[in-house]
Amino acid sequence: MAQMKGRNKTVLGLFVDGLDVKLAHLSIKGRRITVNELKSATLATKLHEHKAAELVAGEMGDSADPFTLPSGPSVEAATEPVSEDNNAVLLGLLAGYPRNKYSLAYSLAEPAIYYHVLESDFGLKGKKLKTRILEEMRNIRAFQPSEDAVDAIKTDDGSLLCIVREDGLSLINSLENVKGFMGGRVPLISGIDSADVSLMNLVRLNYEFQPQDVCVVIYVGVEFTRLIFMRGGHFYQFAPIIGEGYDSPNLPNTVYSRLLLEQDNLAIPHISRIILAGESHRINFKEFLVQQLPDQEIDYLLAPMLDTSPLSAEQQEAVSEYAVPIGVAWKILDQANAELYNVNLLPSSVKEGQRVFKLAWHGYLLMALLFASTLFFTWQNLNRQYPPPFSW
């Protein structure tokens, strides 16, 4: 593990899937990252991050890029007001954590996030690369994202997976609504990530792969299911998202069929490992897949590189359920780690708004000296203009 740097020593990772919101409380203790608490709550209403895109979902037809959702009108205009009950749920989750003792990070799933693959990075990095990505986007989308809404990671074959935040600010709006109960300020927000990237980061940090090993991460959520193919520990391919969650009666068969189809389409002779995350344990998905693939290595996601000793035995077994919020919190705590996809889609306006003017001790000393010198020279000037009638 790379040396951990930065001022964030405690991070709360959040992920919202439908009405379900999960929180993972991670911190740095010594040189180890510790999972202190895992908890979840149920929202009163959905956040509806990207209702605008859903309304125009059929415009691009079957020829659309499989990673790209169609564009539409302004998302902010179509976003519904945040429920007061949702604010109370969020406040309840954060209660007990002193606002100035932690930072927040959260992950977004489709349709608040969309993906597009480019053949290369054009030999560019940083701002120049983002500018080139935005130029490429102009050729395929009517609605153009801002620079701070775009990031990218390298795939296993050297191409570029572009990650674009379509909106995803409802959670920040909720925090603004409840800041009066949190000392008048919103907690420091360190980052916004993609749920899929958070999952891949957690896998990359806890598993070792040979260059040709193909791993499949299956995330079973409340409202969707995702299959992520990784080769040699790098992103390889996303299977089209399945719009069904764990309570869908035929979901295990649907996922199994999709797995075989994608393996055939990608011409993968052997899958080295299948890792299950999310709500997989609720439907005993491991047992189902073992029956279908008895010779395949299958298990729920494990995180041996984390210290989970503060958790109860029951919560330690539920780490895979909280994989997304754990992944996004870990990334903030360990940003110097080369194994991480360091994606951050936090708007620049939020970053700027969080910058607070701070002074060290010598700064306050200089301010005191400035005040004293102003008084002294003002007094001296008055003495010259209006000398006293006598002197001692």
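In this model, which is predicted, there are eight aromatic pairs. One of them is formed by Tyr115 and Phe238, whose ring centres lie 4.8 Å apart while the planes meet at 55°, so the pair is tilted. Because Tyr115 belongs to strand S5 (residues 113-118) and Phe238 to strand S11 (residues 234-238), this pair ties together parts that are 123 residues apart in sequence.

Five strands make up an open sheet in the order S3-S2-S1-S4-S8, and their pairing is mixed. At the edges stand strand S3 (32-42) and strand S8 (188-194), each of which pairs on one side only. From one strand to the next, the twist averages 20°. Strand S4 (residues 103-108) and S8 run parallel and are joined by six bridges, and Leu108 is placed opposite Ser194 in S8.

| Helix | Residues | Strands | Angle |
|---|---|---|---|
| H6 | residues 195-206 | touches S1 (10-17), S4 and S8 | about 90° with S8 |
| H10 | residues 323-333 | lies across S1, S2 (20-29), S3, S4 and S8 | about 145° to S1 |

What kind of patch do Leu365, Leu366 and Leu369 form on the surface? The patch is nonpolar, and these residues together have about 310 Å² of accessible area. Leu369 has its place in helix H12 (residues 361-385).

How values were computed: Residues are numbered from 1 along each chain as its sequence is written. This is a predicted model: local features need pLDDT of at least 70, side-chain atom pairs count only at pLDDT 80 or more; totals for chains, interfaces and linings use all residues. Side-chain values use heavy atoms; hydrogens and water are left out. Two strands pair if DSSP finds at least two bridges between them. Helices (H or I, at least four residues) and strands (E, at least two) are DSSP runs, numbered from the N terminus. Axes are lines fitted to C-alpha atoms, for helices over the stretch in contact, and angles run from 0 to 180 degrees between N-to-C directions. Contact means heavy atoms within 4.5 Å. Patches are made of residues with over 30% relative accessible area and no salt bridge: like charges are joined within 9 Å, nonpolar side chains (Val, Leu, Ile, Met, Phe, Trp, Tyr) within 5 Å. Accessible areas come from the Shrake-Rupley method with a 1.4 Å probe; for residues, only the protein chains shown count as cover. A salt bridge is a side-chain nitrogen of Lys or Arg within 4 Å of a carboxyl oxygen of Asp or Glu. Rings of Phe, Tyr and Trp (its six-membered ring) pair if their centres lie within 6.5 Å; planes under 30 degrees apart count as stacked, over 60 as edge-to-face and the rest as tilted.
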